[in-house]
Amino acid sequence: MDDPVPILLIASTDTASRRTLEDELRRRYGADYEVVVCVDYAHGRAVLEGLRRWKRAVALILGCYGPGDHGGLDFLRRAYGYHPAAKRGVVVTWGDFASAPTVFRALSQGYAEFLVIRPERPRDEEFHGAVTDALDDWHLAQGVGFEAVRLIGEVGDSRTHMLRDSMSRNHIPVGFHPAGSASAQRTLEGLGLQNPALPVLVLEFTAPPVVLENPTDLEIAEAMGVTRPPSPDKVFDVVVVGAGPSGLAAAVYAASEGLSTMVVEAEAVGGQAGTSSLIRNYPGFSRGVSGAHLAYRTFHQAWTLGADFLFLRTVESLREDGTHYAVSVSGGSVVRCRSVVVATGADYRRIGLPQLEDLVGRGVFYGSTVSEAPSMAGKQVCVVGGGNSAGQAVLHLARYAKKVTLLVRGPSLSASMSEYLIAQLAATRNVSVRPGTTIVGARDQDGFLAAVKVAGSGEPSGSAGEEIEAAGLFVLIGSSPRTSWLPDTVQRDKAGFLRTGAARDPGGDEAARSDGPPLALETSLPGVFAIGDVRSGSIKRVATAVGDGATVVSMLHSYLAGKTAAPSISQEGASPGTGP
């Protein structure tokens, strides 16, 4: 028997609002969702409690706020405790500007996630756009629906975890079936596989389905067939290395302005931003936008404008190729180009404790909260970090986990996190913030994380520490730039980030460049630019990374128009590395 359809719940004491919302939701969504209408908020809370007991999935909860109904905001705040994974929206009436300060304050404190104006006409697409965006985000977080790819692997296996995360972030519908489960057994038997090398990937969208046993990234990329290496004779105007916000923005603007563009990405579109469950401060998205959706839409925009992409391939080195550059990628391919944009971003730093490193993928994760959050349902988890990414991770995990503890090394969050996130953390009942705290150890049970040990930031790492129960630990601290694939002649700062423009060391080896000083985003190598988090001195925000991506294209035009000599790059200086 099919699972019950998800619930869309409306609650309001205002008869006109209740009737209008019911009519709109039933007419537009009634075939795919069950619309439940509650005549007051006590009724709504009772229904939500019953739905929780019956284990019914609630996708959306709408409450009202206005002159005729002042109870919706408090109802939505309380609704979080019943169904934290549900999207919550506050419905207001057009022209009720007096209520705006109260509603905006409640939104900033996490009472609801988005605001929508009550429909006042048939086919109010602005209203339905808000509803469908919320439902789209809910479905993405649940990981339910069509399985384009079926993944069978061990729970807690780090490679399986990486594949799940990569597929989800690349918007590939993936269904995970734990090894030994009934569904996994049926799949393997149907394929005639006995004791295969796990993880197993089944590409259901091919005819016949392609089956891969413990595949490499390159094998997956070739089997997918979406992107292929270019002809050796092809010379691109620019190769963008990395498909985070800055790299994708550069691809959009470069392709739209007629530059032949190739983007190489080793993991998933969106970079670190792609793992963010909800970005509330990106211009133009008043309701917020998930990092995965923002990244996917920008990728699709660049693709339709003509940019080429190479996914799941690692850049290994950069070298001179006559008057051009040659970018070597995993699998033996070489992409030739006239200029390079380095948008490789940065990795979250490792904590470095052996106890934790042994548990990566089995309760310990670096980033990756979106794909793993549902598995934390009813459990206690910890997040390490003090920036916006950590704050967004906590709020997303709090939808599923029994309790989320944010461990912050510094004395407070105010220096590193946006105020709107700090307010939401303070207003979320199952979230606790522990400033001045570091992790000093961990305890496992049956090979999975069971608890972390913490101490005050001033205490030695070898101290016994206080133990906090935790089935999951999500680490989002600092950043380590992905620059090891670049030649040593590219100037870096002390932390390894790339110096650009005026930030260069004027006494460096390239001080006597014949082509004059570098452009603002140009590195010490002519025609090699750095944007986004990999750039020294960059502001670690999505909007500023996108700004870099847009700005660098004008510099590409200037460089390509004035290019008169081959780049000067030492063959000996080019050393392979991990790439993006």
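How are helix 13 and helix 14 oriented to each other, roughly parallel or roughly perpendicular? Before I answer, please keep in mind that this is a predicted model, in which local features need pLDDT of at least 70 and side-chain atom pairs count only at pLDDT 80 or more, while totals for chains, interfaces and linings use all residues. Residues are numbered from 1 along each chain as its sequence is written, and side-chain values use heavy atoms, with hydrogens and water left out.

Helix 13, residues 388–397, packs against helix 14, residues 419–427, at an angle of about 30°, and their axes are 10 Å apart; the axes are lines fitted to C-alpha atoms, for helices over the stretch in contact, and angles run from 0 to 180 degrees between N-to-C directions. The two helices are therefore roughly parallel to each other, a term for angles under 35 degrees, with over 145 counted as roughly antiparallel, 65 to 115 as roughly perpendicular and the rest as oblique. Helices here are DSSP runs (H or I, at least four residues), as are strands (E, at least two), numbered from the N terminus. On the helix 13 side the contact is made by Asn 388, Gly 391, Gln 392, Val 394 and Leu 395, and on the helix 14 side by Tyr 420, Leu 421, Gln 424 and Leu 425, where contact means heavy atoms within 4.5 Å.

Let me turn to the core. The largest nonpolar core has 46 residues, of which Val 383, Val 404, Leu 406 and Leu 473 touch the most other members; such a core is a set of buried Ala, Val, Leu, Ile, Met, Phe, Trp, Tyr and Cys residues joined through side-chain atoms within 4.5 Å. Buried means under 20% relative accessible area, exposed over 50%, and partly exposed in between, with a 1.4 Å probe and protein chains only. Helix 13 supplies the largest share of this core, 5 residues. Leaving aside neighbours within four places in sequence, the contacts of Val 404 include Val 381, Val 383 and Val 394.

Finally, some backbone details. Most residues other than glycine have a negative phi, and most peptide bonds are trans. In the loop between helix 7 (182–191) and strand 8 (200–203) we find Pro 199, which is joined to Leu 198 by a cis peptide bond with omega about 0°. Asn 195 is found in that loop between helix 7 and strand 8 as well, with a positive phi near 50°, and at 78% relative accessibility it counts as exposed. Leu 312 also has a positive phi, near 55°, but Leu 312 is buried, at a relative accessible area of 15%.
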